[in-house]
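Colleague: I keep meeting labels in descriptions of protein models, and I would like to see where they come from. Could we go through a few together?

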Amino acid sequence: EISIVPYLSGSEIENIDPETLEALWLKAFTWAGLDFSEFTIDQSEWTPPWSVDKRYAWVQLDPSAENGVLRVEAATAAGKLCYFQVIRPWSTRQWTLPTRSPQVTDKQDRRTTNYGELAQDAFFFLLGGPLLVISLVLAVRNLKAGTTDEDGALKYAGFMLILDVLLGLFEAHHNASPGLEMTTFLSCLINAVGRTVRFWIYYLALEPFVRRIWPKVLVSWNRLLQGRFTDPHVAQEILYGCVGGALVANLVALAVLFNDAPVDSIMGRRLCDPLILASSPGTIAGAIRAFYGAMPSVFTMLVIIIFRLLTRNNIAAVITFTAYMTYISTGSTDGFITVGFITLIELLTALVLIRFGLLSLIAFNVVRAAITSFPITLNVNEWFFSTGLLGIFIASIIALLAFLFTLGDKSPRSEEHTSELQSRQYLV
């Protein structure tokens with residue numbers, strides 16, 4: 001009835017014998033790193049993200065999970081495999097959920113509602129909604145009083161808008177129809193404007209409070225907005241962020257290596273985005289996403305400043321922020337080791353912001369995303385080896401340029417330094 005290889009036509013599919021059919025599925029399971037003989041046919045439960053001709057499902061007792069069932073869902077269209085997903089007991093936050101209610105598998109292999117996750121989502125919604133309204137009121141008040149940095153907010157929002165539009169264009173599907181391409185562009189632009197305006201409001205509402213409570217947090221950031229890209233203090237703050245981001249990337253790897261509960265991701269994020277491996281536009285989108293994902297650091301600063309205003313103490317604000325972010329970044333299946341690593345990561349996030357500044361936090365998030373999002377391997381024979389190098393290159397080039405600019409007049413690229421070296425050579 002089906003074929004999972006692209007070179008079989010419809011007539012060939014109808015005449016295929018069961019043994020050949022099983023061999024074809026065996027090939028798909030082998031590519032996924034699974035043993036097809038350990039699986040039995042089951043009723044399909046997960047809906048593919050696009051139209052298909054037929055759906056398939058298999059189940060296997062997963063020896064790596066306590067009483068957990070490993071499920072494989074697949075589908076074909078026009079005789080070709082178009083959907084293949086390995087679903088584990090803790091796979092609860094995927095875009096192919098069979099229901100809108102988050103579910104987990106208990107020890108009796110029953111699908112039950114994860115009320116803890118529902119409570120987290122409700123808590124985050126109840127905080128985020130009023131926070132945006134309050135931020136809008138504060139932004140309007142600050143604009144009328146002239147106490148906020150309008151130029152800085154506009155530059156920040158403009159750069160974020162450009163990244164958002166580019167990311168949407170590289171992630172979108174394109175074709176030769178000018179009308180559909182214009183629709184795609186307008187859709188990317190409209191969605192980007194909506195997200196950008198939200199963070200523009202946050203910036204306008206937040207900036208006066210940060211400048212009053214932690215003025216040094218915005219010093220290097222404001223210098224960067226003024227175009228002082230080679231300022232040693234700006235470069236130094238970026239370099240601190242690069243070091244912190246690399247440290248956290250290693251903590252993420254250790255969390256996955258030593259975790260005491262099975263996880264596909266940490267802090268609700270995939271460790272390696274599969275779209276990066278799908279195509280060249282996907283790889284470019286992954287690089288843009290590393291920078292775009294760091295821009296909402298303003299929201300992180302907003303949350304910390306709110307806790308600072310409530311607690312009136314820096315240490316209490318850091319502790320409260322760490323506890324809150326750990327709570328919304330962990331799930332019911334995360335073990336103590338995973339929760340411990342996430343707590344440490346969130347603590348470092350808060351300390352980087354308060355100790356070094358907003359610019360350092362942005363560099364921190366860029367480097368962390370670049371290292372953890374790309375599939376880095378030491379095996380040069382792996383087909384994704386060159387793709388993984390892009391993540392290392394992004395982090396390395398930022399750190400190298402920051403290091404050179406921190407040297408100031410002693411930098412090898414400095415004209416004064418070059419003339420000094422030439423004079424020394426002349427004397428010799």
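**Labels and their cut-offs**

Colleague: Why are α13 and α14 called roughly antiparallel to each other?

Modeller: Helix α13 covers residues 358–373 and helix α14 residues 385–406, and their axes cross at roughly 155°. Angles under 35 degrees count as roughly parallel, over 145 as roughly antiparallel, 65 to 115 as roughly perpendicular and the rest as oblique. The angle is over 145, so α13 and α14 are roughly antiparallel. The axes, which are lines fitted to C-alpha atoms with angles from 0 to 180 degrees between N-to-C directions, come within 7 Å.

Modeller: Please remember that this is a predicted model, where local features need pLDDT of at least 70 and side-chain atom pairs pLDDT 80 or more, while totals for chains, interfaces and linings use all residues. Residues are numbered from 1 along each chain as its sequence is written, and side-chain values use heavy atoms, without hydrogens and water.

Colleague: Which residues of α13 and α14 meet?

Modeller: From α13 come Val-366, Val-367, Ala-370 and Ile-371, and from α14 come Gly-391, Ile-394, Ala-395 and Ile-398. By class there are seven nonpolar residues, one polar and no charged.

Colleague: What makes Val-137 count as exposed?

Modeller: Val-137 has 54% relative accessibility, which is over 50%, so Val-137 counts as exposed. Val-137 belongs to helix α3 (residues 115–145).

Colleague: Why is Arg-312 called exposed, and what is its phi?

Modeller: Its relative accessibility is 70%, again over 50%, so Arg-312 is exposed. Arg-312 lies in the loop between α10 and α11 (314–329). Its phi is positive, about 60°, although Arg-312 is not a glycine. Most residues other than glycine have a negative phi.

Colleague: What counts as a nonpolar core, and how many residues has the largest?

Modeller: A core is a set of buried Ala, Val, Leu, Ile, Met, Phe, Trp, Tyr and Cys residues joined through side-chain atoms within 4.5 Å. The largest has 68 residues, and Tyr-156, Val-217, Trp-221, Ile-238, Met-301 and Leu-358 have the most contacts inside it. Setting aside neighbours within four places in sequence, Ile-238 is in contact with Leu-359, Ala-363, Ile-398 and Ala-402. A second, separate core of 11 residues includes Trp-25, Ala-28, Leu-34 and Ala-74.

Colleague: How much of the protein chain is buried?

Modeller: Of its 428 residues, 41% are buried.

Definitions and conventions
Helix = DSSP H or I, 4+ residues; strand = E, 2+ residues; numbered from the N terminus. Contact = heavy atoms within 4.5 Å. Nonpolar A, V, L, I, M, F, W, Y, C, P; charged D, E, K, R; others polar. Buried < 20%, exposed > 50% of the residue type's maximum accessible area, 1.4 Å probe, protein only.
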